[in-house]
Structure formats: C-alpha cells, structure tokens
Amino acid sequence: TSDQMERIAGLADHYSFGELRITHEQNLVFADVKQAELHGLWQELRALGLATPNIGLLTNIISCPGGDFCSLANAKSIPVAEAIQRMVEEKRDSLDYLHDIGELDLNISGCMNACGHHHVGHIGILGVDKHGSEWYQITLGGSASGAVSLGEVIGPSVPKSQVAATLARIVEVY
C-alpha cells in the first residue's frame, strides 16, 4: 500500500543510507544494514506485514501488474496472485505447508509480453482473452536457472475463478 511504501522509505533512510533495491523477483533489499540493526529492521517490517519467510516458496509470486494497471494486458494478474495467497493461508499451518512443498517458482503474466516471466516459472500462469473474458493458461516445468527451460502448457485454460483451485490440485499431486 502507499502507507507501507512511505514507512519502507523511512526504514531505508534509517537503516540503509536511504537506499532500497527491488530484485527481479519483486523482493525488497535494504542495502548495507548494520548487523546489529537487522533484528530491529525485521521487527519493523514484521509490523508492516512484510516479514514473511517465503523467499523461493509458492507464495513468493512474481507477477506483472496485469489488467489493473497495464493497458496491454489481456487479463488481471494481481487478483489471481491474491487468490493463490488466500488459498495457501487457508491451509492450517501455511508456513509448514509451504516448506513441505519446497522451492517452487510461480510466475504470472497478464499477456504475451510476459512481464511476469510466466514461461520460466516452475508454474506459469498466462492471462488470455477469450471472447472478452479473462482465462488463464497454466504451464509447468519452466526454469530460469540451471537447466533453463520453458514451461509446457498442461491443458485448456481455466477461468479466473478456478485458477487457485487448479493450482491447489497441481500442488497436491506434486
């Protein structure tokens, strides 16, 4: 939110010489934080709801802004990412659930421009337009590291209302 970003800017001023970086995985990096101040920074980020230990896990989603903010997009990406987050949070012990699954890259793009790099996610989701409706094509097996590969489409696209449930089923089988 804008309030979170204002607070983050203040934290960057206080802890990291006013410097803040954003990785290609859309994570924030506070540069040059003194080791003695790491715990304090973590506590402040936790109060903002931004200290979830999920790097490399299913809920560390890479997503383009999609149809909510991009005029090129065929479909919305952010609501899909939020639905997936809710699906995981509904699991009784969501952090245990995430760690049991292990490392898993989930990338979402709202169109073929692929700003969310859906094609190289272990699970990729691509928003497509079908006769004016938003549908989502799911790919599996992509990777941007090691043995680089493009994901393969697993079947017909699904409507937005079924993406999180489809993903839950994929992870269950996995």
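This dialogue goes through some features of one predicted model.

User: What should I know before reading the model?

Analyst: The model is predicted, so local features need pLDDT of at least 70, side-chain atom pairs count only at pLDDT 80 or more, and totals for chains, interfaces and linings use all residues. Residues are numbered from 1 along each chain as its sequence is written, and side-chain values use heavy atoms, with hydrogens and water left out.

User: How many helices and strands does the chain have, and in what order do the elements run?

Analyst: Helices (H or I, at least four residues) and strands (E, at least two) are DSSP runs, numbered from the N terminus. Here there are five helices and eight strands. Their order from the N terminus is α-β-β-α-β-α-α-β-β-β-β-β-α.

User: How does the radius of gyration of the chain stand against the globule rule?

Analyst: The radius is taken over C-alpha atoms, and the rule is 2.2 Å times the number of residues to the power 0.38. For 174 residues the rule gives 16 Å and the chain has 17 Å, so it is as compact as a globular protein of that length. The C-alpha trace spans about 50 × 35 × 35 Å along its principal axes.

User: Is Asn60 buried or exposed?

Analyst: Buried means under 20% relative accessible area, exposed over 50%, and partly exposed in between (1.4 Å probe, protein chains only). Asn60 has a relative accessible area of 12%, so it is buried. In the chain, 39% of the 174 residues count as buried.

User: Where is Asn60, and which residues does it touch?

Analyst: Asn60 lies in the loop between helix 2 (38-47) and strand 3 (62-63). A contact means heavy atoms within 4.5 Å. Leaving aside residues up to four places away in sequence, Asn60 touches Glu25, Asn27, Asn54, Ile55 and Leu106.

User: Leu106 belongs to strand 4. Which way do the residues of strand 4 point?

Analyst: In strand 4 (residues 106-109), Leu106 and Ile108 point one way, Asn107 and Ser109 point the other way, and all are buried.

User: How many bridges join strand 4 to strand 3 and to strand 5?

Analyst: Two strands pair if DSSP finds at least two bridges between them. Strands 3 and 4 run parallel and are joined by two bridges; Ser63 has Ile108 in strand 4 as its bridge partner. Strand 4 also runs parallel to strand 5 (residues 123-130), with four bridges, and Ser109 has Leu126 in strand 5 as its bridge partner.

User: Is Asp100 buried or exposed?

Analyst: Asp100, in helix 4 (residues 94-101), is exposed, because its relative accessible area is 67%.
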